[in-house]
Amino acid sequence: MLILSGKIMKYKILILSILTSFGSLFSQELNCEVSIVTNSKLEVTTVDKEVLDQLKQVMQDFMNNTKWTKDNFKMEERLNCNLQFQVSKIPSQGVYEGTMQVQLTRPVFNTSYNTILLKHIDENVTIEYSRNSVVSYAPSEFRDNLTSILAFYAYYMLGLDYDSFSPKGGTPYFNEAFSIVNLAQSGGAGWNNNDPKKKSRYNLIDNTMNQLFEPLRDCYYEYHRKGMDIMYEKYNEGLKAIYDALNKLAPIAQSRPGSVNIMVFVQGKKNELKALYSDATQQEKTDVVNLLKKLDPVNSSQYMEILN
């Protein structure tokens, strides 16, 4: 009996080891790094510093440990993203106001290079958090700004990532982000259409869901999948695909000049385009600069560097 029990025990350990190894092959969708910085002129108490340190870990755990989709992601397939909450005001204990910088990158096929999918500054962020507060997200209700803002950007980033790999593949996740905005109408700045800031969460997702902006979603796919992902082997073909993808944005820029979505995309690609066009012909450089100046006339001078 002792020998049999030992064999059973070894069998159980083996099964457990296999299951554990299998589980470790998959992970949650996001690999998100969170940082919190305070304005140098802001007086931060010891208590607030401790709360903010805890908040940083809470935000990071929330983003990385929540299961956002039904898909299985391998560790190396996770979305690499960064959130930086820049606190400019502490109007009362446990209330923090400021901006949040959100950045998402995507690996490019056959290279070690990561291209920027999103580089955005949310100008209206108010978070309430007390030490040791329990943070949980409920998809069908608005509980607080903290969980809703984080969930909004989690789904918005997933939408962009999926769009970059398949035509309009991000639709389910944009729908989730849109639902969060609708539920958060009482949540204050950034959530509704009367917000004076162009870079509000409302404008970001409302534009994305608008039929007028469908060419932008097509652009995300064609720029990355048909352009960036083949550049290593087919430079000229990839460069043409990138130009054609950018050209799809012209009607949007004409109808909605200065829209946050176009600015976020073009400004995020500025340095990348300079590098991509370094080996292009002078005519190709001139064509893309003229196009970028139409898409983002306010920052026209920045694109002139591509001609050098």
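Predicted model: local features only at pLDDT ≥ 70, side-chain atom pairs only at ≥ 80, totals over all residues.
**Helix packing and the nonpolar core**

Helix α4 spans residues 171-183 and helix α5 residues 201-209; the two pack at an angle of about 135 degrees, and their axes lie 10 Å apart. Angles over 145 degrees would count as roughly antiparallel; α4 and α5 are therefore oblique to each other. The crossing in which α4 passes α5 is left-handed.

On the α6 side, Cys219, Glu222, Tyr223, Lys226 and Gly227 take part, and they meet Gly238, Ala241, Ile242, Ala245 and Leu246 in α7. The contact of α6 with α7 contains 6 nonpolar, 2 polar and 2 charged residues.

In soluble globular proteins, nonpolar side chains tend to be buried together. The largest nonpolar core of the model has 84 residues, among which Phe152, Tyr223, Leu246 and Leu249 touch the most other members. Helix α3, covering residues 145-165, gives the most to this core, contributing 13 residues. Two of the residues named for the core, Tyr223 and Leu246, also occur in the contact of α6 with α7. When residues up to four places away in sequence are not counted, tyrosine 223 touches Met228, Ile242, Ala245, Leu246, Phe265, Lys269, Glu272, Leu273 and Leu276. Among these partners, Ile242, Ala245 and Leu246 belong to the α7 side of the helix contact.

Glutamate 33 provides a contrasting case. This residue lies in strand β2, which runs over residues 30-38. Its relative accessible area is 54%, and glutamate 33 is therefore exposed, whereas tyrosine 223 is a member of the largest nonpolar core, a set of buried residues. With neighbours within four places in sequence left aside, glutamate 33 is in contact with Gln60, Cys81, Asn82 and Leu83. Glutamate 33 and tyrosine 223 are separated by 190 residues in sequence and, C-alpha to C-alpha, by 26 Å in space.

Key:
Residues numbered from 1 in each chain as written. Heavy atoms only, no water. Axes fitted to C-alpha atoms, helices over the stretch in contact; angles between N-to-C directions. Helix = DSSP H or I, 4+ residues; strand = E, 2+ residues; numbered from the N terminus. Parallel < 35°, antiparallel > 145°, perpendicular 65-115°, else oblique. Left-handed = near helix turned anticlockwise from the far one by under 90°. Core = buried A, V, L, I, M, F, W, Y, C linked by side-chain atoms within 4.5 Å. Buried < 20%, exposed > 50% of the residue type's maximum accessible area, 1.4 Å probe, protein only. Contact = heavy atoms within 4.5 Å. Nonpolar A, V, L, I, M, F, W, Y, C, P; charged D, E, K, R; others polar.
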